[in-house]
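Keep the structure open while you read.

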Amino acid sequence: MILAALNDYYQRLLGDPDSGIALPGYSQEKIGYAIVLDAAGQMVDVLDLRDKSGKKPLPRLMGVTQPPKRASNIAPCFLWDKTSYVLGVSATSKRSEQEHSAFKELHRKALAGSDDPGLKALLAFLDGWAPDQFSENPNFVSQGEDMLDANVVFRFEGEHAFLHDRPAARTAWARQQASGVNEAQGMCLVTGETAPLARLHPAIKGVNGAQSSGASIVSFNLSSFTSYGKEQGENAPVSEQVAFAYTTALNHLLRRDANNRQRLQIGDTTVVFWAQAPDKAEAEEGENLLVAFFDPKDEDAQATQRLHDAMQLVRQNRPLRDLGGHLEDGTRIFVLGLAANASRLSIRFWETDTLAHFAKRLADHFDDLELKPTPWRRPPSPQLLALTTAPIYDGKAKSEDVPPLLAGELARAVLSGARYPQSVLGTLVMRFRADGQITPLRVALCKAVLARAARLDKQQGRNNTQGEPPVSLDTSCVDPGYLLGRLFSSLENVQRAALGKQINATIRDRYYGAASATPASIFPVLLRNAQNHLSKLRKEKAGLAVTLEREIGQIVDALGTTLPRSLRIEQQGQFAIGYYHQTQARFAGNDTDTTETESEGEV
């Protein structure tokens, strides 16, 4: 299914002249320099093709002949390669002499008998070149050591096009490909047609953590992976044409380009997405809607507003076309999550459905996250939600600290409408207890996990006594975890009101973890201490003392006579939500006597 969808996407891109997708047999590769040759094969110049608009010069993407798959073998590219192959010089390779010999041998065989002046100039250059000339030729010396191990192409003097773009070169490359076609024929699993089967599939590059040379989705390199005596790709027969198409399309999606908005990183999972529709404009509109969800940047306020409007239509059961433009319910959406696994790629998730169904799931996701008052200006992206599960050091969380599998599972739950992984709740509760940072995003995600579980349990006829957590302070909620969280917030407020803003550590800093896990052993102590603080307040702010004592009394009455000895993980999540709601309600109330004692930091 994945390979078929990518193959279809390649065919669509191939028909779009603006896509920049590589033609069959070609590939988009990073090229740094071009060697200019005259008719006699003498080098007349070296051109620096790198993009120097940024802080550091970067090689430019160029359509060149498809490279062979390399591991530890020596395999030269046709009409381009890195300097160890083209010139026999390298800063890292210890076998540049053998690599250069292989490069010369390939071109002598492939270009023998050619009457094209450009290709004859290349052969003459290779015949007369010696690696020690690199350090002597002023054209190379002027480029410095930056050129070592960079990819190099050739250009014929007086022409703008490169050698690999010449008609004679394309003919030679087609002949070279035909001579190397795998003789094994079979039925392609993707197209169902009988065709030459790919023994090795082209490398896939751009997945974070994978080898720089690329990795594979389909590969068989050990006898234990094979069956019935078949070798390599014959175990999962895919034609040469389809292998090229799906890897080219995936590499196009994974390209590291500032303008590429179809690739993003969520934890250790690299996510790509695309859309399929009868009309190009419809497909682009569908992709733009996903971009607004995955990457809601400030400069994309219009796209973010369009996402919000689309969610409102979905909640009203209206078709997306009512929004105007080219949005269509039937547009097909594909989302693929990949992660590195040595020389292979792991499929973290694969979701495909219509745009209408995806929009409904996104609307449900935002509803599950809802808190009032809304604590964010723009909807939190999946990357930001995954980041909330990481520990906070010095007021900041780092993406490398996000639990690896959790990020992918969280994204899959959002896209599929399934339950959020239970590990999200466990991780958040652990973070609340460890660093004490009860931030709005953490609370929102905690609420989302519990709300979705309660809703799906109800739909599936399961017994769930907790129900969905409230979106703001609910004084009628009798869930023990929620009430204890509210009580803990009220006791902390009493402490702050009695001791002032200069207090070194509040009860949250010292007792939050124990109070949320084993309330029966902690709350009696906290309540006794609160009486001392209230006694002090009665002398200084009698009205405030009465208000706070009444608030505590109402919560205690709702709890009953016996405090639970321990709280389950779901109730500890409710504890955090209750604490957050009670604290935020004081800010929203704008009560000077009460709110002036609150910390200005994050809750």
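Which strands does helix α1 lie across? Helix α1 (residues 2–14) lies across β10, β11 and β12, and runs at about 55 degrees to β10. Here contact means heavy atoms within 4.5 Å; axes are lines fitted to C-alpha atoms, for helices over the stretch in contact, with angles from 0 to 180 degrees between N-to-C directions.

1. Ground rules. This is a predicted model: local features need pLDDT of at least 70 and side-chain atom pairs count only at pLDDT 80 or more, while totals for chains, interfaces and linings use all residues. Residues are numbered from 1 along each chain as its sequence is written, and side-chain values use heavy atoms, leaving out hydrogens and water. Helices (H or I, at least four residues) and strands (E, at least two) are DSSP runs numbered from the N terminus.

2. The antiparallel sheet. β9, β10, β11 and β12 form an open sheet in the order β9-β10-β11-β12, with antiparallel pairing; two strands pair if DSSP finds at least two bridges between them. β9 (263–266) and β12 (344–354) sit at the edges with a single partner strand each, so one side of each has no neighbour in the sheet. On average, neighbouring strands are turned by 25 degrees against each other, direction ignored. Strands β10 (residues 269–276) and β11 (residues 332–341) pair over seven bridges, and F273 stands opposite V335 in β11. Helix α8 (residues 280–294) lies across β9, β10 and β11, at about 150 degrees to β10.

3. The largest core. A nonpolar core is a set of buried Ala, Val, Leu, Ile, Met, Phe, Trp, Tyr and Cys residues joined through side-chain atoms within 4.5 Å; buried means under 20% relative accessible area, exposed over 50%, and partly exposed in between (1.4 Å probe, protein chains only). The largest one has 87 residues, of which F294, V335, F488 and F523 touch the most other members. Helix α15 (residues 480–499) gives the most to this core, nine residues. Beyond its neighbours within four places in sequence, F294 has contacts that include F273, V335, L264 and L415.

4. The mixed sheet. Another open sheet has four strands in the order β3-β2-β6-β5, with mixed pairing. β3 (43–48) and β5 (81–82) are at its edges, each with a single partner strand, so one side of each is left without a neighbour in the sheet. β2 (residues 33–37) and β6 (residues 151–156) pair in the parallel sense over five bridges, with V152 in β6 as the bridge partner of Y33. Helix α4 (residues 117–128) lies across β2, β3 and β6, at about 125 degrees to β6.

5. Helix α3. Which residues of α3 are buried? They are S96, E99, H100, F103, K104, L106, H107 and A110. Among the elements covering the buried residues of α3 are β5, α4, β6 and α6.

6. Helix α6. Here A169, A172 and W173 are buried. Their arc is only 100 degrees, which puts them on the same side of α6. Exposed P167 and A178 are on the other side. The cover over the buried residues of α6 includes β1 (26–31), β4 (60–65), α3 (96–110) and α4.

Conventions:
The arc is that of the directions from the helix axis to the C-beta atoms.
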